[in-house]
Amino acid sequence: MTSEIILALISFAGTLAGSLAGVYATSRLSNYRIEQLEKKVDKHNNLVERVYKIEEHQAVVDNKIKTSDHRIADLENEYKIVKEVEHFENT
């Protein structure tokens, strides 16, 4: 009877050790995967921030282009008026 109890205790110890080793290994793998996902999220967030800054800069550049286009149109109109006045004065 004592040999059966000893065998049962050895079996229990082996089962317990195996279960604990499995839980430990799974925990380490889960932590590793979470760290990798956090790195990917950080890269993604960095990209999103950079794209946002680029879009802000692009909006400023677009506004400058619009302003320049309007200024060029105004100068062209002034040039046409000056040419018409010169033509009128010469005739």
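These are my notebook entries on what I looked up in this predicted model.

**Ground rules.** I number residues from 1 along each chain as its sequence is written, and my side-chain values use heavy atoms, with hydrogens and water left out.

**Overall form.** I looked up the secondary structure and found one helix and zero strands in the protein chain. I took helices (H or I, at least four residues) and strands (E, at least two) as DSSP runs, numbered from the N terminus. The radius of gyration is 39 Å, well over the 12 Å that the globule rule gives for 91 residues, so the chain is more spread out than a compact globule. That radius is taken over C-alpha atoms, and the rule is 2.2 Å times the number of residues to the power 0.38. Along the principal axes, the C-alpha atoms fill a box of roughly 135 × 10 × 10 Å.

**Surface.** I checked burial next: 0% of the 91 residues count as buried. Buried means under 20% relative accessible area, exposed over 50%, and partly exposed in between (1.4 Å probe, protein chains only). The chain exposes about 8,800 Å², of which carbon and sulfur atoms supply 62%. I have these areas from the Shrake-Rupley method with a 1.4 Å probe; for residues, only the protein chains shown count as cover.

**The start of the chain.** Met1 lies in the segment before helix 1 (2-90) and counts as exposed because its relative accessibility is 74%. Ile5 is placed in helix 1 and is partly exposed, at 45%. I found that Met1, Ile5 and Leu9 form a nonpolar surface patch with about 360 Å² of accessible area together. Patch residues have over 30% relative accessible area and no salt bridge; like charges are joined within 9 Å, and nonpolar side chains (Val, Leu, Ile, Met, Phe, Trp, Tyr) within 5 Å. From Ile5 to His44 I noted 39 residues in sequence and 58 Å in space, C-alpha to C-alpha.

**Salt bridge.** I found one in the structure. It joins the side chains of Glu86 and Lys83 at 3.9 Å, N to O. My criterion was a side-chain nitrogen of Lys or Arg within 4 Å of a carboxyl oxygen of Asp or Glu. Both residues lie in helix 1, three residues apart, about one turn of the helix. Glu86 is partly exposed at 36% relative accessibility, and Lys83 is partly exposed at 40%.

**The segment after the helix.** Thr91 is found there, after helix 1, and counts as exposed at 71% relative accessibility. Thr91 and Asp74 are 17 residues apart in sequence and 26 Å apart in space, C-alpha to C-alpha.

How values were computed: Predicted model: local features only at pLDDT ≥ 70, side-chain atom pairs only at ≥ 80, totals over all residues.
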